[in-house]
Amino acid sequence: MKKACALFLVILISGCTYSKSNSSTDSLTPKEQLCQELKRNIIFNATSGPTFGAASSTQKAEMYRLYDKNNCGQFERK
């Protein structure tokens, strides 16, 4: 179980590199990019990495924990 969570974290943090030509995403810090990807995955109930698919309840809980741990709420648009 710990190995699965560790692997999930590595995949989540490394994530897929999205090639976008949008200059506004180029100015984001790594923490903002992580928060953006976490939020996207939480909203769409998805996982990042080589195997895309629906997130399990354990993966969703880990995403919520990481979202709170990284204080991603500060990047919410008001």
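Me: What share of the contacts with a separation of 6 or more comes from residues 24 or more positions apart in the protein chain?
Reply: In this predicted model, residues 24 or more positions apart account for 58% of those contacts.

Me: What makes up the secondary structure of the protein chain?
Reply: There are four helices and zero strands. Along the sequence the pattern reads α-α-α-α.

Me: How many of the 78 residues are buried, as a percentage?
Reply: Buried residues make up 24% of the protein chain. The chain exposes about 5700 Å². Carbon and sulfur atoms supply 57% of that area.

Me: What span is expected for helix α3, and what does the helix reach?
Reply: Helix α3 covers residues 30-44, so 15 residues count. The rule takes 1.5 Å times one less than the number of residues. That gives an expected 21 Å. From first C-alpha to last, α3 reaches 21 Å, close to the expected value.

Me: Which residues of α3 are buried?
Reply: They are L34, C35, E37, L38, N41 and I42. They cover an arc of only 165 degrees around the axis, which puts them on the same side of α3.

Me: What lies on the other side of α3?
Reply: I43 and F44 are exposed there.

Me: Why is F44 called exposed?
Reply: The cut-off for exposed is over 50% relative accessible area. F44, found in helix α3, has 62% relative accessibility. That is over the cut-off, so F44 counts as exposed.

Me: How far is F44 from A54 in sequence and in space?
Reply: F44 and A54 are 10 residues apart in sequence. From C-alpha to C-alpha, they are 8.4 Å apart in space.

Me: Why is N45 called partly exposed?
Reply: Buried means under 20%, and exposed means over 50%. N45 has a relative accessible area of 29%. This value falls in between, so N45 is partly exposed.

Me: What does helix α4 reach from its first C-alpha to its last?
Reply: Helix α4 has 13 residues and reaches 18 Å. That is close to the 18 Å expected at 1.5 Å a residue.

Me: Which residues of α4 are buried?
Reply: E62, M63, L66 and Y67 are the buried residues of α4. Their arc around the axis is only 140 degrees, which puts them on the same side of α4. The face turned away from that buried side carries the exposed residues S57, D68 and K69.

Me: Why is the pair E62 and R65 called a salt bridge?
Reply: The rule asks for a side-chain nitrogen of Lys or Arg within 4 Å of a carboxyl oxygen of Asp or Glu. The closest N and O atoms of E62 and R65 are 2.6 Å apart. That is within the cut-off, so the pair counts as a salt bridge. By this rule the count comes to one salt bridge.

Me: Where do E62 and R65 sit relative to each other?
Reply: They are three residues apart in helix α4, residues 57-69. About one helical turn separates them.

Me: How do you know whether E62 and R65 are buried or partly exposed?
Reply: E62 has 12% relative accessibility. Buried means under 20%, so E62 counts as buried. R65 has a relative accessible area of 38%. That falls between 20% and 50%, so R65 is partly exposed.

Me: Which residues make up the largest nonpolar core?
Reply: Nine residues do: L34, C35, L38, I42, A55, M63, L66, Y67 and C72. The elements that give two or more residues to this core are α3 and α4. The largest share, four residues, comes from α3.

Me: What does I42 contact beyond its neighbours within four places in sequence?
Reply: I42 is in contact with M63, Y64 and Y67.

Me: Why is N71 called partly exposed?
Reply: N71 has 42% relative accessibility. N71 lies in the segment after α4. N71 has a positive phi of about 55 degrees, although it is not a glycine.

Terms used
Residues are numbered from 1 along each chain as its sequence is written. This is a predicted model: local features need pLDDT of at least 70, side-chain atom pairs count only at pLDDT 80 or more; totals for chains, interfaces and linings use all residues. Side-chain values use heavy atoms; hydrogens and water are left out. Buried means under 20% relative accessible area, exposed over 50%, partly exposed in between (1.4 Å probe, protein chains only). The arc is that of the directions from the helix axis to the C-beta atoms. Contact means heavy atoms within 4.5 Å. Accessible areas come from the Shrake-Rupley method with a 1.4 Å probe; for residues, only the protein chains shown count as cover. A nonpolar core is a set of buried Ala, Val, Leu, Ile, Met, Phe, Trp, Tyr and Cys residues joined through side-chain atoms within 4.5 Å.
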